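Dear colleague,

Please find the structure below, followed by a short account of what was found in it.

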Amino acid sequence: MSPLSRTVELRPGETPRSLVSRLAAMNGISTAHQFSKDMGLDLRGIDNSDPDSLEKLAGYSGVAVTELETSSIRKTGNGIFLGGQLISRRATAKSFFRFCPHCLIEDIVRGPENKPEARAWLRASWSVPQVRTCHIHRNLLVTLNASENHSIRNDIAALMKRRSDEVHRLATAARALAYSPLADYAASRLAGGEDKSDLLGVLPFYLAIKLCEMVGATLRIGRTFTWNGLREEDRVAAGATGFEFISDGREAFLKFLELHYSDWSRVRARGAKGLAASFFAWLQDGRKNPDMEPLREMVRTHALGHLPLGPGDEFLGTIMEPRKVHSVYSAHLEYDIHPKRLKKLLLQNGIISEEQASLSDLRILFDAGEALPLLQDAAEEISGNNAREYLGMNRTQWEQVQVAGFIKPLLGDGPGTRLSHSKARLDRFLASIRYEKGSSGDLVPLSQCIKLASCGYADVVRLLQGNQLERVSVDPEHAGFAGVLVDASEVSAKVQRKALPGLTARQVAEKLGVVLGTAQALIKNGDLPSTPYQVYANSTREARLVQPDDVEAFAAEHISLKELAEKIGSEGWPRRAGKLLADMGIEPVFTVQSHRSVIFRRADALSTLSRSGHAI
């Protein structure tokens with residue numbers, strides 16, 4: 001097929017239908033419809049980008065089929081495309097007949113064709129619903145009143161010939177809007193430009209533009225607006241604002257979302273629509289559109305990390321993922337803990353700050369994972385005395401394991417709080433010490449073990465929890481702590497004993513050569529200087545320790561009746577030494593009645609005996 005003798009040049013981005021119209025005008029045919037009929041062209045096929053129809057047009061016009069396809073709006077089973085860009089999922093975009101009057105007038109003035117009506121041409125981008133302005137002249141795209149016969153409604157050459165005056169009037173009335181970077185972005189992308197953004201660049205064209213417009217409308221108008229009620233100028237401004245905010249990519253868009261998360265508590269939102277109402281309602285209403293699912297999933301995932309959402313909640317669909325954020329209110333509902341007490345627990349455990357604690361229950365947000373053990377523990381509380389009874393402990397046992405830190409209360413007993421314990425924690429404590437291991441013969445309860453092994457309850461608990469004992473059993477007749485049985489000799493061998501910073505009463509007695517009661521009396525009455533010392537780690541039991549130098553100083557100044565008897569050779573009759581000193585007028589410093597031993601001043605006793613002829 002040979003080209004016509006009179007052809008026109010295909011303009012950049014010109015639609016095939018526009019080319020047919022200009023070919024008709026160039027060849028003296030009044031309408032594209034008549035021209036197609038004469039030449040056997042299928043206008044419907046050309047509009048639908050039918051390959052055979054485009055190839056036939058290519059033959060008459062001398063334009064390559066590939067060039068025609070570039071500016072053809074193609075309808076496929078997956079939607080409507082212009083070039084490689086998806087402009088709609090529905091077949092409505094082709095009915096758009098809009099134009100920039102300034103562009104058409106400039107075409108008439110500058111076109112090389114010898115017939116003026118063959119110079120103006122339609123840009124394919126004008127048929128894209130998301131394109132609202134001319135990115136060159138910045139005015140809104142317009143349309144002519146539908147007063148013409150349907151056969152020439154899209155016939156640009158016929159319309160320019162008949163209604164050029166109206167186009168001039170539209171150009172005069174058109175005003176340039178504020179610069180919109182979104183208009184330039186749309187023109188570039190439709191022309192084949194590449195967008196490497198991790199947000200707009202990965203969305204279909206029509207959805208990228210719509211996202212900018214919805215974000216911008218929210219920023220400009222507020223959380224609630226009616227998109228269909230906005231003027232076209234307002235939609236353009238919204239798109240420009242939205243593009244400027246989120247064009248940097250995903251992170252910028254997520255910051256937009258965070259601007260509205262504070263509304264969650266203010267409006268008592270229970271789902272997506274309760275936030276930036278119109279924007280999230282648009283996302284919610286797009287649940288049947290597969291193109292929007294990645295965007296919805298991005299928003300949903302981000303919201304999970306910032307809002308108190310959990311399994312079963314509705315936010316752009318039913319939440320199935322584990323909860324990441326709790327509010328005091330949501331935790332109160334889930335764990336049945338009173339909000340005031342819950343706030344105190346969270347504050348005491350450093351999960352929320354003092355500043356947060358002053359906010360309302362809905363606005364206090366915290367990490368659900370970090371707080372999970374605490375919430376589970378606090379779900380069932382036991383008061384202080386009841387907790388001791390629950391464990392089967394006496395007061396001494398309870399005091400020692402608490403001081404050692406094995407059992408910690410949920411809340412302290414400070415102002416405005418009551419001492420309470422977690423039943424779950426108490427159960428875990430019992431499970432850590434109440435078990436069976438090794439042979440069970442000759443085992444004793446813990447209350448007997450600490451006496452036989454000379455240790456504290458905390459020492460035995462530490463060995464039990466560390467699984468360091470080879471023989472452990474349980475007495476089924478006694479519940480809790482009282483039913484734990486251990487080998488006292490094994491415990492004694494394994495308890496770690498620190499070197500004492502002084503001498504005990506027993507060691508003092510050995511050094512002085514007196515009975516234990518005498519050493520205890522000397523310490524108790526202050527005759528020997530002493531200092532208090534906690535005998536067993538993490539217990540309240542104390543002993544008084546004496547420094548070795550003080551013992552030596554006491555021994556240098558004092559002598560017991562037993563030692564005196566040995567010096568005069570009457571070891572078997574110590575009273576003889578006492579009677580001898582009494583006859584010579586020497587009285588003891590300490591007596592049996594006060595200190596359970598008779599003790600003299602060494603210098604007085606020895607000098608007196610020496611004068612009496614005894615060899616000392």
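Leucine 365 is 58 residues away from leucine 307 in sequence, yet their C-alpha atoms are 7.7 Å apart.

The model is predicted: local features need pLDDT of at least 70, side-chain atom pairs count only at pLDDT 80 or more, and totals for chains, interfaces and linings use all residues. Residues are numbered from 1 along each chain as its sequence is written, and side-chain values use heavy atoms, without hydrogens and water.

Two packed helices are described by the angle between their axes and the distance between the axes. For α9 (residues 205-221) and α10 (residues 232-246), the angle is about 100° and the axes are 6 Å apart (axes are lines fitted to C-alpha atoms, for helices over the stretch in contact, and angles run from 0 to 180 degrees between N-to-C directions). Helix α9 is therefore roughly perpendicular to α10 (65 to 115 degrees; under 35 is roughly parallel, over 145 roughly antiparallel and the rest oblique).

An open sheet has 3 strands in the order β1-β2-β3, paired antiparallel; a pair requires at least two DSSP bridges. Strand β2 (residues 79-82) pairs with β3 over 3 bridges.

Definitions and conventions. Helix = DSSP H or I, 4+ residues; strand = E, 2+ residues; numbered from the N terminus.
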